[in-house]
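Dear colleague,

Please find below the structure that I am handing over to you. My findings follow directly after it, arranged by topic.

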Protein chains: 2
Amino acid sequence: MSEIFVSAEKLSNFIKSVLLKAGVRHDVAGYVTEGLIQTSVRGVDSHGVRLLPHYLKGVKGGRINPNPNYRFKKTSASTGMLDADHTFGHAAGMEAAKRAIELADEAGTGHIAVYNSSHFGAAAYYALEIANNDMIGISLSNTDALIKTYAGKRPFLGNNPICFAVPCNSEEPFCLDMATSVVTFNKIRQWREEGLQAPSGVGADNEGAETTDPNDITMLLPIGGYKGYGLSMAVEILCSLLTGMPYGPHIPKMFEAPMNEKRLLGHFISAIRIDCFQSKDVFKKRFSQLMNELRTEPALNKDIPVQVAGDPEKKHTRERLKKGIPLRQKEYDAFKRIADEYAVKFEG
Amino acid sequence: MSEIFVSAEKLSNFIKSVLLKAGVRHDVAGYVTEGLIQTSVRGVDSHGVRLLPHYLKGVKGGRINPNPNYRFKKTSASTGMLDADHTFGHAAGMEAAKRAIELADEAGTGHIAVYNSSHFGAAAYYALEIANNDMIGISLSNTDALIKTYAGKRPFLGNNPICFAVPCNSEEPFCLDMATSVVTFNKIRQWREEGLQAPSGVGADNEGAETTDPNDITMLLPIGGYKGYGLSMAVEILCSLLTGMPYGPHIPKMFEAPMNEKRLLGHFISAIRIDCFQSKDVFKKRFSQLMNELRTEPALNKDIPVQVAGDPEKKHTRERLKKGIPLRQKEYDAFKRIADEYAVKFEG
C-alpha cells in the first residue's frame, strides 16, 4: 500500500488550523492536535491523525462540545472530579492529568475521575504528561462493548485501555499502553483487507464461537481469558462507576451511534509522586538499570531483541520525526477534502 | 486423590497454636492464620494452609522474623512506607492495608509501599480487608523470576499478583486476584502428576521454546504476550523500585533459596474512598446491577454460567464453610507431624 509522508510539523499546523476553523476553542484545539500528532509520531496509527475526520463529524453533529465549561471539584486532598462538559477527551484527559499532578504535588498522589467526556485517543498522552513531570502516571478509560464476556457469547465490557508511564534516566519514560484484548479490532480489519486468516484465540463470531476467519470475527477475546475480562471490569469500575457514567453496552458506540449523541465516557487519571517513596535519582537509576538488564537478556530469535513496553514507540518516534508521518492514500484524500471544506492549506 | 476434610475452625485453632508455639508473636500469628484460612476457604489451595510447613521452616531457619519491629513513616497526606522487619507478609500486608485505610479516611486515598517483607500468600487477603471497609482495595507484590521474558528465552520478572477488590450490595466484595501468567506453576505440576499434556501457549522449556510437555516446562508464558510481560513490569516498578527492594532475578527464591535468607519482598497496597467520587449507596447499587447484568448474559455453554471475578471463590466459601477444607493425604500427614513436633493437638 503506498503511503505519503507528511512532516509532523506540517500535519500539526494543518490539524490545529482546521480545528480552530471548526470552532474549537484554542486550548482544546491545542490538546487535540498535540495528542493526535504525538500518537501518530509514536506509531500508534489507529489512534492518531487518521481520526481527525471522525472528530470533525462529532463537532459538526453536536456530539463533541468545542467550547466546554469545565467544572472541577476537589473532593479530598488526593481526589477530584472533572466534568468535561462533553468536549474532546484529549482536552478533558489533559486537564485531568494537570489536576492529578497538582494534587500529587501537595498530597503525594492525585486521582481524577473525569465524566461527561468523549473519546480520548491514546491513553499514553495523559500518562506520559504525568511521567514527564517526574511522577508515575496511570490513565484509564471505559470504551464501548467489544470483548467477549468470559463464558458468554456476546460483548459487554469494552476493550478498556490501561496505561502506565514511568520516568527513567536518559530516555523518554517507560510506557505500557495496552487494551485488554489479545489484538485490536484494527488488526482484524487488516487481516480482512489482506485476505489473511487470524491466529486462533483472538476473536469470536456472532454466536460467540472462536474463529480464525477475520470476516466472521465480531468480538475480541480478552488476554488470559477471565483475567483480561477481569481487568476490563476493574477499569470499568473506575471509569464508569466512580465517574457516574454508563457502563458496558449502555455506552453510546463510537462509530455506530448518531453523531449528535454524546459519548458519556469516563476516564480515571492518577499521578504518584516517586519521592514520597524513594529518592527520585536512585529510583530512576535503578529503573534504567532494570530496563537495560532486560534489553540485554538473550533473545529467543536473534533478529528480535528483547524490549520493554514503549521501546517500539520510541523507535517509531525517531524514524517519524525524520521521515514524517505516513498517510494512506484514502487518509491523504480525506485530509485534502477537509482542507477544501475548511479553507485551510494542506501541503502533503 | 482422597481428601480429608477438616473444619475451618479446627484448622484455624491448630495453625494459630502451632505458630504461637513456634515463637510467632500473637498479632502476627493471628494475621497469618486468618490469611491462610481465608485463602483455603475461598478455594485457593495453592496459597492456603498447605504453605504452613514452608513458613515454619522459614521461622526456624531465620528467614521470617516472628517478632517484628515495624517502622511506619507517613511521607505525604496519601502515602507511607512500612518497614516490615522481615516478618510474615501476611502480617506486613495487613498492617499496610490498615494504614492505607487510615490515610484514605483523611486524604481520599492511601498508598503504602511495604519493604523488607516476605511471602504474603494470596493478595486478596489485603484488598478484601480494604473492600470490607467500603473502599476500593488494590494489593500487589513482586515475586521471584518465573515468567518468560517476551522475545527472550529466560524468566526475569515474576508472575506478579494483581488484586482489585470492590464492595457491592448484598454479597461479599468483587475480587479479581490474578497473576500475570496464563496458568500457575501449580497447574503445571498437576498436569505432570496426572500425566496430562499442557495446552499450548502456557509454558516454555529451558531454552525458552514453547512446549506442551509439562515435564519440560520451566517457565510460564505471560497473558497476551507483551501485555502480561508489561503488567508484570508495572507491578515490579511499584513493588521493587518504589520500595527499594531487589527486582526480578535478584529476588531470593521462595523454595530454592536457603531458609536463613531473607526474601526482601515488596508490596504496594492502595485504598480508594468511593465517596470522594460517588455516593456509596448509588455506587454499590449500580455495581451490583452491573454484575447481575453480566451474570444473566447468555452463556456459550449452557452448563457454564457467566460469572464475574470472585464468584468461584464465593461458591467455594459456601461449600467449605459447611464441608470443611480438603487436605490431601500428604498435607494431612505433614500437619500430623507438625502437631507432634510442636505438641499441639490436631484433630482431623
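In this predicted model, the buried residues of helix α8 of chain A are A:Phe283, A:Lys284, A:Phe287, A:Leu290, A:Met291 and A:Leu294. They lie on the same side of α8(A), because the arc they cover around the axis is only 125°. The face turned away from this buried side carries the exposed residues A:Asp281, A:Val282 and A:Asn292. What covers the buried residues of α8(A)? The cover includes β6 (162-166) and β7 (174-178) of chain A, together with α7 (226-241) of chain B. As to its length, α8(A) runs over residues 280-295, and its 16 residues should span 22 Å at 1.5 Å a residue; the end C-alpha atoms are 22 Å apart, which agrees.

Helix α9 of chain B (residues 311-323) has 13 residues, and from its first C-alpha to its last it reaches 18 Å, close to the 18 Å expected at 1.5 Å a residue. B:Gly324 follows α9(B), and its phi is positive, near 100°.

I turn now to the relation between the chains. Chain B is superposed on chain A by a rotation of 180° with 0.0 Å of shift along the axis, at an RMSD of 0.0 Å. The two copies are therefore related as by a two-fold rotation axis. Within chain B, the C-alpha nearest this axis belongs to B:Ile223, at 2.8 Å from it. Both copies use the same surface, since 100% of the contact residues of chain B recur in chain A.

How many residues of chain B are in contact with chain A? There are 56, and they touch 56 residues of chain A. Several elements of chain B each supply at least two residues of this side, among them β2 (71-76), β3 (79-83), β4 (109-117) and β10 (265-273). The largest share, eight residues, comes from α7(B). By class, the side of chain B that touches chain A has 34 nonpolar, 16 polar and six charged residues.

B:Ile223 deserves a separate paragraph. This residue is placed in the loop between β9 (219-220) and α7 of chain B. Is B:Ile223 buried or exposed? B:Ile223 counts as buried because 28 C-beta neighbours lie inside 10 Å, where 20 or more are required. Apart from neighbours within four places in sequence, B:Ile223 is in contact with A:Ile223, A:Gly224, A:Lys227 and A:Gly228 in chain A, and with B:Thr180, B:Ser181, B:Val182 and B:Gly228 in chain B. B:Leu128 is 95 residues away from B:Ile223 along the chain, and their C-alpha atoms are separated by 24 Å.

B:Ser279 is found in the loop between β10 and α8 of chain B. This residue is exposed because 11 other C-beta atoms lie within 10 Å, and the limit for an exposed residue is 12 or fewer. B:Ser279 and B:Gly208 are 71 residues apart in sequence, and their C-alpha atoms are 50 Å apart in space.

Finally, I describe the domains of chain A. Domain 1 comprises 3-181 + 222-280 + 313-342, and domain 2 comprises 182-217. Their C-alpha centres lie 25 Å apart. Nine residues of domain 1 are in contact with eight residues of domain 2. On the domain 1 side of this contact there are three nonpolar, three polar and three charged residues.

Yours sincerely

Technical notes. Residues numbered from 1 in each chain as written. Chains lettered and ligands numbered in written order. Predicted model: local features only at pLDDT ≥ 70, side-chain atom pairs only at ≥ 80, totals over all residues. Domains from an automatic or database assignment. Contact = placed C-beta atoms within 7 Å. Nonpolar A, V, L, I, M, F, W, Y, C, P; charged D, E, K, R; others polar. Helix = DSSP H or I, 4+ residues; strand = E, 2+ residues; numbered from the N terminus. Expected span 1.5 Å × (residues − 1). Least-squares fit on C-alpha atoms with pLDDT ≥ 70 in both. Arc of directions from axis to C-beta.
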